[in-house]
Each structure stands twice: as structure tokens, then as C-alpha cells.
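Here is a short briefing for a reader meeting this structure for the first time. Take a look at the sequence and the fold before reading on.

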Amino acid sequence: RLSLREKFPAITASYAALTAQSGIWIFDDNSRQWCILNSLSDQPKFLSNPIVNYQYLTSDGNYAYWQNGTKVNGIDIYGKPIKEHILPENAHMLAINQNKIVYQLNNNVFLFDTENNSKKQLDEIDVPIEKAIFGAEFLIVLTKDKIFTYHIKF
């Protein structure tokens with residue numbers, strides 16, 4: 001158990017999630033940087049340059065991501081940047097799993113495959129999305145009153 005406020009009072013976490021190696025991804029609002037906390041170190045390891053503008057933060061195991069306008073950027077647990085991805089104007093990223101991005105644009109939901117630069121509209125959904133979650137071979141999309149499940153090959 002760790003009290004972030006007691007051990008690291010200078011960090012203001014606006015996002016936190018587990019890494020694949022049992023560390024914790026943290027986005028620190030004060031420095032505007034991604035860092036990782038793990039049990040082997042008594043200090044956070046800051047990995048990114050300051051990220052001034054972003055609309056969405058998320059992580060997936062060994063990667064942390066952010067959306068800034070049409071651009072989706074990310075880093076791995078060593079701070080190495082990933083290839084930048086471009087979404088359509090006004091698209092809102094909902095989830096990412098390395099080579100797949102789910103985004104919403106005008107109440108339409110799309111699955112974007114970054115490896116072959118193709119997108120597929122998820123036709124059944126035409127209302128705002130509350131949350132999208134990638135599982136091992138599934139995509140789960142939650143709306144206010146429905147759950148949609150899709151089998152996805154990674």
C-alpha cells in the first residue's frame with residue numbers, strides 16, 4: 001500500500017494505472033509528465049517531456065498515451081516514443097491497445113487499425129460512449145444503457 005500524497009507530496013496524479021510489470025503509470029499534473037512508480041525504487045521515474053496540451057490520457061500495460069487534437073502519441077516504460085498516429089478532426093479517442101484505436105466522431109464509433117491504416121465503423125452504436133475497454137481478444141463499449149462486445153484479433 002502506498003500513499004502518494006504522503007510519500008510524494010510534489011506529485012499531483014491526474015491519471016494512474018498499472019504497468020505490465022506491476023509498476024504504476026502516473027501522469028503528474030504539476031510537471032505535466034508521465035512517470036512510473038515501482039517497488040524497486042523509492043522515487044518516481046519521469047519518462048516523458050512535459051505534455052502541455054492533451055484531451056485524453058490512457059495507458060495499456062507497457063505504454064502510456066495521450067491525444068492532442070488529431071495526434072495520438074505515446075511512450076513505452078523506458079520513455080521511448082511510439083509512432084505518432086493521426087485521427088480525424090474532432091475525433092475523441094476512447095481506448096488504445098498498441099495497434100488498435102477506438103474513437104468517437106459525431107456519435108459514430110470507429111475501430112482504427114494503425115498497422116494497415118484502415119478503419120471500421122461499429123454500426124450498432126449511435127449514441128455517446130461512456131467508456132471503451134480492450135480485453136485479451138475483445139473490445140467492450142459501454143453507453144449509458146447498453147454494453148457492446150466485439151471479438152477483435154490482435
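The model is predicted. Its largest nonpolar core has 15 residues.

**The largest core**

- Within the largest nonpolar core, the residues with the most contacts are Val102, Val109, Ile125, Ala132, Leu139, Val141 and Tyr150.
- At least two residues of this core come from each of strand 9 (92-97), strand 11 (108-113), strand 13 (129-134), strand 14 (138-143) and strand 15 (147-151).
- Strand 13 contributes the most, with 3 residues.
- In general, nonpolar side chains tend to be buried together in soluble globular proteins.

**Around Leu139**

- Leaving aside neighbours within four places in sequence, Leu139 is in contact with residues including Val102, Leu122, Ala132, Ile133 and Phe134.
- Phe148, Thr149, Tyr150 and Ile152 are also among the contacts of Leu139.

- Another core, of 12 residues, lies apart from the largest one.
- Among its members are Trp34, Ile51, Ala64 and Trp66.

- Strand 10 (residues 100-105) pairs with strand 11 in the antiparallel sense, over 6 bridges.
- Gln104 stands opposite Val109, which is in strand 11.

How values were computed
Residues are numbered from 1 along each chain as its sequence is written. This is a predicted model: local features need pLDDT of at least 70, side-chain atom pairs count only at pLDDT 80 or more; totals for chains, interfaces and linings use all residues. Side-chain values use heavy atoms; hydrogens and water are left out. A nonpolar core is a set of buried Ala, Val, Leu, Ile, Met, Phe, Trp, Tyr and Cys residues joined through side-chain atoms within 4.5 Å. Buried means under 20% relative accessible area, exposed over 50%, partly exposed in between (1.4 Å probe, protein chains only). Helices (H or I, at least four residues) and strands (E, at least two) are DSSP runs, numbered from the N terminus. Contact means heavy atoms within 4.5 Å. Two strands pair if DSSP finds at least two bridges between them.
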